[in-house]
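Let's take a friendly walk through a protein structure together. Keep the picture open as you read, and look for each part as it comes up.

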Amino acid sequence: MTSRCGVCCFNEARRVAIFGGTHGNEMSGIMLVNMWLKNGEDIQRSGVMTKPFITNPRAVEKCTRYVDTDLNRAFTPENLSAPCADELPYEVRRAQEINKMFGPKGTADAYDVIFDLHNTTSNMGSTLILESSTDHFTLQMVHYIKKAIAPASCSVLLNEHPLLKYSTSRSVAKHPIGLEVGPQPQGVLRSNIFESMRVIMKTALDFIELFNNGVEFPPCNVDVFRVQERMDYPRDTNGNITAMVHPDLQDCDWEPLNPGDPMFQTFDGRTIPYEGPNPVYATFINEAAYYEKQQAFVTTRRETLAAHAIRKIDQ
Ligand SMILES: CC(=O)N[C@@H](CC(=O)O)C(=O)O
Ligand SMILES: [Zn+2]
């Protein structure tokens, strides 16, 4: 990235990948990618090479999140540099392959953009997930998508928390972006969720085409929800949960959770309130995949980010 006259300049985004099946039971992304592998009409844009790709085929085949370990946590420097060996967990070997094909992560050879398609059992609607508040290319893309799909809406989750950030499949790209759409049960395909995801992907590719054609995008603001804290269920000494998400919180993703508001409900009907110091916005509420990660929901706070003007580097 270079900056001149307050405009951030980036190389054309010529190599773009769309990942589906990073989790093998999140059906919309898997079905879309398989559809696009057969017929790529939706995703063809002039001057853009877009590659649809199933990231965890063994998990897809079994319709399970992962086989040995979560692929969307596997792209750590240690894993990516581990000597190749048959004893390595399947997803670690797969991460190394993906890093070779689409990376190497952190280098000039890496793909320009990787979209990673996910579904959640939470009532989050369409959510774009960003990993950096200073990537003005993805901020501009998110702004474009939000405007283009209105009155439909799309939230933006920013995960650059020093401890809670994880090493995603998309992190191999120069500009990583996650797309999380719910609610959709694991292993289930819902047409409305599939369609929302398809529209957002088409819109994102429209943005990339415009950018590559030399369109300059003026400065703008983007409202995001920044990941703050992970909240676990109450558990007994054996690690079993002793309460459920409270009915007043269930399905209330992106709504304010105030100190004193009901948070959990014990099996005998007692309410456990939220006791944080100030109001937060909860999301990933009751995500099925997060029971094993000791996480009932995530708290976020709202923030407005200023995106710089961008355009492509003159060649
Ligand atoms: C439900 C789910 O899989 N969510 C994704 C979120 C992300 O891609 O950052 C994950 O935990 O990897
Ligand atoms: Zn997922």
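We can start with two charged side chains: those of Lys-202 and Asp-42 come together in a salt bridge, with 3.7 Å from N to O. This pair joins distant parts of the chain, since Lys-202 belongs to helix α6 (residues 191–212), while Asp-42 sits in the loop between α1 (27–38) and β4 (49–54), 160 residues apart. Before going on, please keep in mind that this is a predicted model. Side chains of opposite charge can pair when their charged atoms come close. Is each partner buried or exposed, or something in between? Lys-202 counts as partly exposed because its relative accessibility is 29%. Asp-42 has a relative accessibility of 14%, so Asp-42 counts as buried.

A second salt bridge brings together the side chains of Lys-174 and Asp-112, again described from N to O, at 3.7 Å. Here too the pair links distant parts of the chain: Lys-174 is in the loop between β7 (155–158) and β8 (175–182), and Asp-112 is in the loop between α4 (90–102) and β5 (113–119), 62 residues apart. With a relative accessible area of 38%, Lys-174 is partly exposed. Asp-112 counts as buried, because its relative accessibility is 11%.

Now look at Arg-235 and Asp-232, whose side chains meet in a salt bridge of 2.8 Å, N to O. Arg-235 counts as partly exposed at 25% relative accessibility, and Asp-232 is partly exposed with a relative accessible area of 27%. Salt bridges can also join into a network, as they do for Glu-26, Arg-65, Asp-70, Glu-292 and Lys-293. How many salt bridges does the count come to? The count is 19 salt bridges.

A search of the whole structure finds two cavities of 30 Å³ or more. The largest cavity has a volume of about 100 Å³. It is lined by 15 residues, and the closest to its centre are His-23, His-118, Glu-180, Phe-284 and Tyr-290.

Next come the sheets. Strands of a sheet pair through backbone hydrogen bonds, either parallel or antiparallel. In one open sheet, 10 strands follow the order β4-β3-β5-β8-β6-β7-β9-β15-β14-β11, and the pairing is mixed. Its edge strands are β4 and β11 (256–257), each of which pairs on one side only. For a parallel example, take strand β6 (residues 125–130) and β7, which pair over four bridges. Leu-130 stands opposite Leu-158 in β7. For an antiparallel example, strand β14 (residues 280–283) and strand β15 (residues 297–307) are joined by three bridges. Thr-283 has Val-298 in β15 as its bridge partner.

Strand β7 also lets you see which way side chains point. In a regular strand the side chains alternate between the two faces of the sheet. In β7, Ser-155 and Leu-157 point one way, Val-156 and Leu-158 point the other way, and all are buried.

Another open sheet has three strands in the order β10-β12-β13, with antiparallel pairing. From one strand to the next, the twist averages 35°. β10 and strand β12 (residues 262–266) pair in the antiparallel sense over three bridges, and Val-245 has Phe-264 in β12 as its bridge partner.

How values were computed. Residues numbered from 1 in each chain as written. Chains lettered and ligands numbered in written order. Predicted model: local features only at pLDDT ≥ 70, side-chain atom pairs only at ≥ 80, totals over all residues. Heavy atoms only, no water. Salt bridge = Lys/Arg side-chain N within 4 Å of Asp/Glu carboxyl O. Helix = DSSP H or I, 4+ residues; strand = E, 2+ residues; numbered from the N terminus. Buried < 20%, exposed > 50% of the residue type's maximum accessible area, 1.4 Å probe, protein only. Pairing = 2+ DSSP bridges. Axes fitted to C-alpha atoms, helices over the stretch in contact; angles between N-to-C directions. 1 Å grid on protein atoms, 1.4 Å probe; cavity = no way out; pocket = protein on both sides within 12 Å on 5 of 7 lines; lining within 4 Å. Points joined across faces, edges and corners; volume = space filled by probe spheres on them.
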